[in-house]
Amino acid sequence: MRIYMQTLTEATETPRFYQLSLQQDLLGGWTLYREWGQQGARSSLKREVYLDRDSALTAFERARDSQIKRGFRVVFSQGLDNTHAH
């Protein structure tokens, strides 16, 4: 599952982005990837590993909600069912 968010900016500013991606690994664990930066520039990436889907999904949703409160808006989402979509 994946969410891509951007900030609304003035015409002269480059928008910032924040992307969350949640993937299951081969051993049954889950990895949450957080990537952020300015559009068209270098970005930062953080990886967090979780043992079960529920804790990984909770972290995914908290990260999403935190960025929405900071002014990001969801541009694209993939793989979210209606029970967890914001």
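Let's start with Thr31 and what it touches. Leaving aside neighbours within four places in sequence, Thr31 is in contact with Ser21, Leu22, Gln23, Arg47, Glu48 and Val49. Contact here means heavy atoms within 4.5 Å. Thr31 sits in strand β3. Strands are DSSP runs of E with at least two residues, helices are runs of H or I with at least four, and both are numbered from the N terminus.

Is Thr31 buried or exposed? Thr31 counts as buried, because its relative accessibility is 7%. The cut-offs are these: buried is under 20% relative accessible area, exposed is over 50%, and partly exposed lies in between, with a 1.4 Å probe and protein chains only. One more distance for Thr31. Ala11 is 20 residues away along the chain, and the two C-alpha atoms are separated by 35 Å.

A word on the source. This is a predicted model, where local features need pLDDT of at least 70, side-chain atom pairs count only at pLDDT 80 or more, and totals for chains, interfaces and linings use all residues. Residues are numbered from 1 along each chain as its sequence is written, and side-chain values use heavy atoms, with hydrogens and water left out.

Now the whole protein. How many helices and strands does it have? There is one helix and there are five strands. From the N terminus on, the order is β-β-β-β-α-β. The C-alpha atoms fill a box of roughly 45 × 30 × 20 Å, taken along the principal axes. The protein has 86 residues, and 33% of them are buried. Take the contacts with a separation of 6 or more: residues 24 or more positions apart account for 39% of those.

Next, the helix. Helix α1 covers residues 53-69, which is 17 residues. From first C-alpha to last, α1 reaches 24 Å, close to the 24 Å expected at 1.5 Å a residue. That expected span is 1.5 Å times one less than the number of residues.

Which residues of α1 are buried? They are Ala56, Leu57, Ala59, Phe60, Glu61, Ala63, Arg64 and Gln67. And what covers them? The cover includes β1 (2-7), β2 (16-24), β3 (30-38), β4 (43-50) and β5 (72-78).

Look at the start of α1. A side-chain oxygen of Asp52 comes to within 3.2 Å of the backbone nitrogen of Asp54. Asp54 itself belongs to helix α1. Asp54 counts as exposed because its relative accessible area is 56%. Asp54 and Trp30 are 24 residues apart in sequence, yet 9.5 Å apart in space, C-alpha to C-alpha. Then go to the other end. Just after α1, Gly71 takes a positive phi of about 105 degrees.

On to strand β5, where we find Ser77. Ser77 is partly exposed because its relative accessible area is 43%. What does Ser77 touch, leaving aside its neighbours within four places in sequence? Ser77 is in contact with Arg2 and Ile3. Met5 is 72 residues from Ser77 in sequence and 8.7 Å away in space, C-alpha to C-alpha.

Gly79 counts as exposed because its relative accessibility is 57%. Gly79 and Met1 are 78 residues apart along the chain, and their C-alpha atoms are separated by 4.4 Å.

Last, the surface and the charges. The protein exposes about 5900 Å², and carbon and sulfur atoms supply 47% of it. Those areas come from the Shrake-Rupley method with a 1.4 Å probe; for residues, only the protein chains shown count as cover. There are 12 positive and 10 negative charges, and their mean positions are 4 Å apart. Lys and Arg count as positive, Asp and Glu as negative, and His and the chain ends are not counted. Each charge is placed at NZ of Lys, CZ of Arg, CG of Asp or CD of Glu.

Note on methods: A polar contact is a pair of N or O atoms within 3.5 Å; within protein, one must be able to donate a hydrogen and the other to accept it, and residues adjacent in sequence count only if both atoms are side-chain atoms.
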